[in-house]
Amino acid sequence: MKSDRIRLIVVIAVIFVAFVVLLWPTSEQTYEGFAKIFQRIRLGLDIKGGARLEYRVDVEEGAENPSEVVDDVWTVLRNRLDAAGYTEAIVRKTFRENSSFIVVEIPAATETTRAEKLIGSTGVMYFGQVVDESEVDPSTDPRLRDLAKIKKAEWLPNREGNVWYLVRREIMLIKDLQLVSPSIVSANPVPDTRPGRFGYKVTFEVGSRDAEIFKKITQQLMVPESATGSVTAREKRLAIVLDDVVQFAGYVVSVIPDGKAEITGNFSLEEAKQLAAILRSGALPARLEKISAGWVAPLLGADIVRTSLWAGIVGLILVLIYMIVFYRTFGVITDLALLYNTFLLFGILALSRSILTLPGIAGILLTIGTTVDGNIIIAERIKEEMRMGRSVKAAIAAGFDKSFRTLFDANLTTIIAGLVLYYFGTGTIKSFAITLIIGVLGSFFVNIVFSRLLSDAFSRFIRAPRSVEGGVNQ
Amino acid sequence: MKMMEFVKHRRIFIAISLALAAVSLISMLTKGFNFGVEFTGGSEIILRVESDHFTESDVRQVVDLLPGDFAMARITQVRSVGDPANIRKFSITLTSTFETDIKNEIKQKLEQAISDMGVKAQVVSFNEAGGYAAEEVRRLTWRAIVIAIAAILIYVTMRFSFVFGLGAIIALAHDVLITLGLFSLTGYELNVPAVAALLTLIGYSLNDTIVVYDRIRENMKKFRGKDIKRLVNESLNQVFKRTINTSITTFLVVFTLLLFAGNVIKPFAFGMSVGVIVGTYSSIYIASPVVLRWVRYR
């Protein structure tokens with residue numbers, strides 16, 4: 001049949017891609033021996049352990065609500081790791097003797113330096129006023145050091161480290177007119193479309209909490225575009241400071257009333273991306289001081305993982321046997337579908353660089369359930385059709401047609417629940433939702449396409465059930 | 001095959017379910033849950049031993065003798081950059097918190113017990129730890145639950161009818177409530193893997209219910225005007241074999257896990273095993289019978 005040929009091609013193509021992705025060479029060394037074929041599946045903290053970093057949260061003295069500051073730090077770090085795809089990382093707070101600490105544990109990061117990169121900047125970002133600049137290192141020049149004292153400001157280098165800016169937090173020395181760790185809602189690189197301009201600019205939006213103070217700052221520092229570069233204007237530049245480095249310094253050419261601003265400067269795409277990333281990364285409300293960097297062993301321990309794995313395999317073999325005993329040919333088809341779906345799922349996990357943890361395995365178990373369930377629904381349907389006197393081939397066609405709607409509704413309802421979990425969950429719950437959705441989609445595909453192909457191919461082994469076995473009285 | 005009566009005695013089963021739900025609710029409200037340390041927070045002890053063959057189970061042996069809920073403590077080895085090879089550090093987390101003088105007492109006992117084994121030991125730090133998973137589930141609040149329910153309700157109303165949407169939600173709430181109740185009653189630790197089991201149960205319960213509804217929907221088109229009670233009962237009989245076989249296969253996997261798997265996985269396997277049973281029961285005896293009265297031909 002023509003449609004079966006298309007199914008065959010799709011089935012082979014899909015599993016081929018899954019195997020290519022799964023077996024693609026990698027430098028990671030998670031498994032040994034036969035299990036090496038799973039090298040690209042990354043394992044979570046509970047199974048494999050990971051990098052462990054501990055920071056002290058440097059809450060400023062006299063902060064109104066210190067525990068809120070620590071909570072905010074927690075949220076920023078959590079969001080950064082989630083955005084980097086490390087939903088499986090654990091971020092937790094600990095306390096001792098009036099100090100607060102943040103412990104970050106990151107799976108699949110064997111080098112602590114890489115883990116630190118993922119955590120990103122540990123400093124505070126602020127908008128400051130540039131009052132002077134120097135191309136000489138100010139620490140070598142006592143006059144420049146005195147100037148900093150007079151101006152109530154400090155010398156900070158630019159990113160290249162060849163220019164120093166004298167930056168003051170309090171804009172125009174107006175009391176409390178400063179914006180430290182502003183909430184940035186979005187920041188993106190966009191092409192500069194104005195005539196005569198090339199390259200990229202960065203648009204960003206300050207959250208409503210800080211929009212008012214940002215407006216006041218831009219009012220104070222505004223200089224008309226024609227006046228830029230003049231001596232007075234040079235003392236009114238705005239600096240974006242992070243980790244004690246001036247990430248950007250430039251003129252404010254208009255008042256920003258609603259927090260929606262843009263930075264123009266003929267950036268290259270790379271520069272624009274970098275600046276947007278700095279703005280977006282979420283400013284920490286307090287500085288983090290690294291206490292220790294190292295590793296954490298798996299929570300579950302090798303012996304627990306091994307017994308659980310064996311228990312899972314034994315359970316799976318029982319399912320395979322059960323299906324063959326009760327469904328004969330359909331049982332064989334179901335078992336093959338199960339193996340197919342398992343490798344497909346591993347391929348997707350390798351492709352999406354997901355990190356497998358115990359909750360993720362729960363999602364996989366549900367997938368096994370839905371795959372078997374789908375095949376049982378189809379098998380029962382085909383038997384019913386045969387009882388009504390249809391030929392094997394016609395019964396298969398009708399059985400799949402009628403089951404399609406059942407499976408479609410059942411799976412889509414599950415996916416809806418999964419999407420809500422994905423949207424509202426963080427960390428573990430998010431990754432569980434991902435596995436759940438991928439698994440349900442995969443099992444739907446396997447039920448409708450793979451099982452259909454095998455049913456047609458094996459149709460001569462399928463026997464019509466004796467009518468006494470299960471005739472339903474109407 | 002004999003036709004089984006699922007619908008006839010529906011009041012009995014609904015009464016059983018109501019009783020189970022009530023017991024669950026009472027247990028949850030009075031006895032509460034045995035939450036894992038990732039939810040409640042508690043204490044974290046960093047222990048440093050001067051030995052390169054002291055293992056987690058050695059630490060476990062020692063802490064089992066301490067007061068508080070040290071028996072439930074989680075122990076993992078940690079290591080910092082630059083630690084010498086003959087030093088091992090362990091992080092011990094548990095749900096209890098202690099006053100300063102008790103802390104010192106525990107510290108001394110711990111160090112003493114290990115040095116009695118001929119190994120030098122030192123408690124590096126004794127922290128209060130926050131429950132990080134509590135923050136993770138914090139956003140899964142009433143708003144999320146309401147949106148989830150609304151989304152499912154809208155979808156099922158579109159594809160079936162509002163009554164069935166309501167039935168699916170009732171069956172789902174029934175399954176989650178009773179499973180949670182059993183966690184409370186048995187005292188199994190409610191940890192992150194256990195929550196994963198509960199979330200899986202949501203998928204399982206919905207899936208099971210919709211398959212039954214699908215058959216009712218189909219039969220309602222085929223046999224227009226037939227007595228609803230009989231039609232629902234016949235539909236349940238038609239899908240019964242599938243429901244049982246699916247449940248048995250899923251149960252085989254999770255129950256093997258419950259029998260053999262290690263301690264942290266036990267709550268997970270327990271939740272899954274209970275969930276499969278409750279979910280199967282509700283899809284047959286609750287999901288359809290509970291809304292029977294309002295089902296109409298369209």
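## A walk through a two-chain model

Strands β2(A) and β4(A), the latter covering residues 99–107 of chain A, pair in the antiparallel sense over eight bridges. Two strands count as paired if DSSP finds at least two bridges between them. Strands (E, at least two residues) and helices (H or I, at least four) are DSSP runs, numbered from the N terminus. The model is predicted: local features need pLDDT of at least 70, side-chain atom pairs count only at pLDDT 80 or more, and totals for chains, interfaces and linings use all residues. Residues are numbered from 1 along each chain as its sequence is written, while chains are lettered from A and ligands numbered from 1 in the order in which they are written.

Stay with β2(A). Seven of the nine residues of β2(A), which spans residues 50–58, are buried, so the strand is largely enclosed by the rest of the structure. Buried here is a matter of counting: a residue is buried if 20 or more other C-beta atoms lie within 10 Å of its own, exposed if 12 or fewer, and partly exposed in between, with C-beta atoms placed from the backbone.

Now follow β14(A) across to the other chain. β14(A) pairs with β3(B), residues 74–80 of chain B, in the antiparallel sense over three bridges. G294(A) stands opposite S80(B) in this pairing. β3(B) is joined in turn to β4(B), residues 88–94, by five bridges, and these two strands run antiparallel. One facing pair there is T76(B) and S91(B).

The contact between the chains takes in much else. It draws 68 residues from chain A and 66 residues from chain B. Residues are in contact if their C-beta atoms, placed from the backbone, lie within 7 Å. On the chain A side, the elements that give two or more residues are β3 (90–96), β14, α9 (301–351), α10, α11 (392–424) and α12 (427–457). By class, that side divides into 39 nonpolar, 21 polar and eight charged residues. Ala, Val, Leu, Ile, Met, Phe, Trp, Tyr, Cys and Pro count as nonpolar, Asp, Glu, Lys and Arg as charged, and the others, Gly among them, as polar.

Helices meet across the two chains as well. Two packed helices are described by the angle between their axes and the distance between the axes. The axes of α10(A), residues 358–387, and α9(B), residues 228–260, come within 9 Å and cross at roughly 155 degrees. Axes are lines fitted to C-alpha atoms, for helices over the stretch in contact, and angles run from 0 to 180 degrees between N-to-C directions. The two helices are therefore roughly antiparallel to each other, a term for angles over 145 degrees. Residues of α10(A) in the contact include L365(A), I368(A) and V372(A), and among those they meet in α9(B) are T246(B), T249(B) and V253(B). The contact of α10(A) with α9(B) has seven nonpolar, five polar and four charged residues.

Back in chain A, three strands form an open sheet in the order β9-β10-β13, with antiparallel pairing. Its edge strands are β9 (184–191) and β13 (260–267), each pairing on one side only. The twist averages 20 degrees from one strand to the next. β9(A) and β10(A), residues 200–206, pair over seven bridges. Along them, S186(A) stands opposite E205(A). Helix α8(A), residues 269–280, lies across β9, β10 and β13 of chain A, running at about 175 degrees to β9(A).

A few single residues deserve a stop. Most residues other than glycine have a negative phi. S181(A) is not a glycine, yet has a positive phi of about 40 degrees. S181(A) sits in the loop between β8 (179–180) and β9 of chain A, and is buried, with 20 other C-beta atoms within 10 Å. R328(A), also not a glycine, has a positive phi of about 45 degrees. R328(A) belongs to helix α9 of chain A and is partly exposed, with 14 other C-beta atoms within 10 Å.

End at T87(A), in the loop between α3 (66–83) and β3 of chain A. With 25 C-beta neighbours inside 10 Å, T87(A) counts as buried. T87(A) and K430(A) are 343 residues apart in sequence but 6.9 Å apart in space, C-alpha to C-alpha.

Technical notes: Angles under 35 degrees count as roughly parallel, over 145 as roughly antiparallel, 65 to 115 as roughly perpendicular and the rest as oblique. Two residues are in contact if their C-beta atoms, placed from the backbone, lie within 7 Å.
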